[in-house]
Amino acid sequence: MTHFLGGDVLYDRLSLATEILGRFVACAPRPVTLAQLAEHTGRMPRDIAPFCTAMQREALLRVADRRIRSWQLACEPSAVTLEDAYRCALALRNRTRRAASSGAAAQRDVDLLLMQASMSVNQSVVRLLRQFTLDRLKVGASGMFAARPVQASTG
């Protein structure tokens, strides 16, 4: 499936980043451990740790306890948006691309053009993603939409 993100890899990273940040929003202000995130997402800790590090660099998370690898949200839950998750997913993608870059001169021109186009698209996407706060996930997870039990009448 083609996404507005241009491919499944970035979509998967955005999905995981959103799931991770959503967990921190739902648990705020309590810290969340890497083991809890692994259990919640069904992913390996080694796959999740780079996301937490990126989120820490973006000042979304702060270390709660280094010994047990736990973090807590560094801002108000209502301030976390899909834009934040998107920036973290992009940061991980860009880091991977830089590591794999061959440095060929002809490829640099193509990369520059694609980067300029991507930046323009990303700016538009970021403006739109900013409108979606992740505290919406907390409301859904708290069961606010669950049906209330019907009370039997006594009379």
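Helix axes here are lines fitted to C-alpha atoms over the stretch in contact, and the angle between two of them runs from 0 to 180 degrees between N-to-C directions. Keep that handy for the exercises below, and remember that you're looking at a predicted model.

**Exercise 1. Get an overview of the protein chain: how many helices and strands are there, and in what pattern do they follow each other?**

Solution. Start by counting: the protein chain has six helices and three strands. Next, walk along the sequence, and you'll read α-β-α-α-β-β-α-α-α. Then check how much is tucked away: 34% of the 155 residues count as buried. Finally, look at the contacts with a separation of 6 or more: 68% of them link residues 24 or more positions apart.

**Exercise 2. Work out how H2 and H3 are arranged, and which residues make their contact.**

Solution. First, find the two helices: H2 covers residues 34-41 and H3 covers residues 45-57. They pack at an angle of about 115°, and their axes are 9 Å apart. Now use the cut-off: 65 to 115 degrees counts as roughly perpendicular, so H2 is roughly perpendicular to H3. Their crossing is right-handed. From H2, the contact uses Leu 34, Leu 37, Ala 38 and Thr 41, while H3 brings Pro 45, Ile 48, Ala 49 and Cys 52. Sort these by class and you get seven nonpolar residues, one polar and no charged ones.

**Exercise 3. Is Gln 72 buried or exposed, and what does Gln 72 touch?**

Solution. Begin with its place: Gln 72 sits in strand E3, residues 70-73. Its relative accessible area is 18%, and buried means under 20%, so Gln 72 is buried. Next, follow its side chain, which reaches the backbone oxygen of Pro 29 at 3.1 Å. Last, list the neighbours, leaving out residues up to four places away in sequence: Gln 72 touches Phe 24, Pro 29, Arg 30, Pro 31, Leu 60, Leu 61, Arg 62 and Ala 64.

Notes: Residues are numbered from 1 along each chain as its sequence is written. This is a predicted model: local features need pLDDT of at least 70, side-chain atom pairs count only at pLDDT 80 or more; totals for chains, interfaces and linings use all residues. Side-chain values use heavy atoms; hydrogens and water are left out. Helices (H or I, at least four residues) and strands (E, at least two) are DSSP runs, numbered from the N terminus. Angles under 35 degrees count as roughly parallel, over 145 as roughly antiparallel, 65 to 115 as roughly perpendicular and the rest as oblique. A crossing is left-handed if the near helix is turned anticlockwise from the far one by less than a right angle, and right-handed if clockwise. Contact means heavy atoms within 4.5 Å. Ala, Val, Leu, Ile, Met, Phe, Trp, Tyr, Cys and Pro count as nonpolar, Asp, Glu, Lys and Arg as charged, and the others, Gly among them, as polar. Buried means under 20% relative accessible area, exposed over 50%, partly exposed in between (1.4 Å probe, protein chains only). A polar contact is a pair of N or O atoms within 3.5 Å; within protein, one must be able to donate a hydrogen and the other to accept it, and residues adjacent in sequence count only if both atoms are side-chain atoms.
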